[in-house]
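Me: I would like to learn how to read a protein model feature by feature, beginning with the overall fold and ending with single residues. Could you take me through one?

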Amino acid sequence: MDNIKEIYIYSPSNMPVNGWLHACFTCREYTSRTLLFANQKKDDIEYKFYVHCCPRCKRTHSKIDKYEEFTKKCNLYIYNRYFSLTS
Ligand SMILES: [Zn+2]
């Protein structure tokens, strides 16, 4: 059976790291809502990247340019921070 590691992505804020409320990655509003952005498997560990995204920002994802902007930002963040997982 695979190990699963969940990684949460959000904007920096004063919220406790271990809490469930974090700043939306796009607009920094506090939200507990997340969306599963990506899965990455490495050395028998499955990494799941969840991005904190408030309902308002999520609604803008129906516009393709907004969604592309969002995915670009997420991918860049993952690439910069978790490069060893993506290579
Ligand atoms: Zn937002």
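What follows is a reading of this predicted model, from the whole chain down to single residues.

Me: What pattern does the protein chain follow when read along the sequence?

Reply: One begins by listing the helices and strands in order. Here the secondary structure comes to 3 helices and 5 strands, and along the sequence the pattern is β-β-β-β-β-α-α-α. The radius of gyration of the protein chain is 13 Å, close to the 12 Å that the globule rule gives for 87 residues, so the chain is as compact as a globular protein of that length.

Me: Which residues make up the largest nonpolar core?

Reply: In soluble globular proteins, nonpolar side chains tend to be buried together. In this model the largest nonpolar core has 9 residues, namely Ile-9, Tyr-10, Cys-24, Phe-25, Phe-49, Val-51, Cys-53, Cys-57 and Ile-78. Cys-53, one of these core residues, is in contact with Cys-24, Phe-25, Thr-26, Arg-33, Thr-34, Leu-35 and Lys-58, if its neighbours within four places in sequence are left aside. Of the 87 residues of the protein chain, 16% count as buried.

Me: Why does Thr-86 count as partly exposed?

Reply: The general idea is to count neighbours around the residue. Thr-86 has 14 C-beta neighbours inside 10 Å and therefore counts as partly exposed, since that class lies between 12 or fewer for exposed and 20 or more for buried. Thr-86 lies in helix 3, residues 83–86, and, not counting residues up to four places away in sequence, touches Gln-40, Ile-78 and Tyr-79.

How values were computed
Residues numbered from 1 in each chain as written. Predicted model: local features only at pLDDT ≥ 70, side-chain atom pairs only at ≥ 80, totals over all residues. Core = buried A, V, L, I, M, F, W, Y, C linked by C-beta atoms within 7 Å. Contact = placed C-beta atoms within 7 Å. Helix = DSSP H or I, 4+ residues; strand = E, 2+ residues; numbered from the N terminus. Rg over C-alpha atoms; globule rule 2.2 N^0.38 Å.
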